[in-house]
Amino acid sequence: MARRCGTRKAEVNPVQENPISREEYIQKVLWAYRQTPGTTGTVRRPDRLLAGQLQERGVPLAAVENALILAASRRLVRSADAPPLGTIRSLAYFSPVIEEVLSLRVSPGYFEYLRQRIQRFTETGR
């Protein structure tokens with residue numbers, strides 16, 4: 001039988017590093033979704049279920065929030081000639097971006113930069 005080393009840090013679920021309740025995680029995901037530019041701001045049952053699934057999978061809250069920011073920034077920073085995009089009506093729209101963010105090795109500062117860009121864009125329109 002293999003022996004385990006004295007520390008289990010590498011085996012810890014990322015969600016458990018800063019433990020919050022399942023309901024708090026879901027609420028934070030849904031709040032972030034509602035605040036994301038380009039969404040309807042409405043939460044439906046499938047959105048709540050997806051947020052619960054993300055929590056069960058151990059997806060860090062920061063990864064979900066960063067994915068929302070990344071997708072929103074991509075939608076906002078488009079050519080003026082591009083046809084308008086429709087309103088996002090589901091948290092599921094962000095699922096591929098959440099997976100992308102989970103595989104990225106990007107500084108948290110980059111996502112803070114995107115947050116600032118989005119804020120400036122929503123305030124000034126550019």
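**Whole chain**

Of the chain's 126 residues, 31% count as buried (under 20% relative accessible area, 1.4 Å probe, protein chains only). This is a predicted model, in which local features need pLDDT of at least 70 and side-chain atom pairs count only at pLDDT 80 or more, while totals for chains, interfaces and linings use all residues. Residues are numbered from 1 along each chain as its sequence is written, and side-chain values use heavy atoms, with hydrogens and water left out.

Colour by secondary structure: the chain has 6 helices and 0 strands (DSSP runs, H or I of at least four residues for helices, E of at least two for strands, numbered from the N terminus).

**Helix α2**

Select residues 22–35, which form α2. Its 14 residues reach 20 Å from first C-alpha to last, close to the 20 Å expected at 1.5 Å a residue (1.5 Å times one less than the number of residues). Show side chains for Tyr-25, Ile-26, Val-29, Leu-30, Ala-32 and Tyr-33, the buried residues of α2. Looking down the axis of α2, these fall within an arc of 160°, so they line one face of the helix (the arc is that of directions from the helix axis to the C-beta atoms).

**Helices α4 and α5**

Next select residues 61–76 (α4) and 95–103 (α5). The two pack at an angle of about 115°, their axes 8 Å apart (lines fitted to C-alpha atoms over the stretch in contact, angles from 0 to 180 degrees between N-to-C directions). That makes α4 roughly perpendicular to α5 (65 to 115 degrees).

Finally, show the residues in contact (heavy atoms within 4.5 Å). From α4 they include Ala-67, Leu-70 and Arg-74, and from α5 they include Val-97, Ile-98 and Val-101.

Methods: Buried < 20%, exposed > 50% of the residue type's maximum accessible area, 1.4 Å probe, protein only. Parallel < 35°, antiparallel > 145°, perpendicular 65-115°, else oblique.
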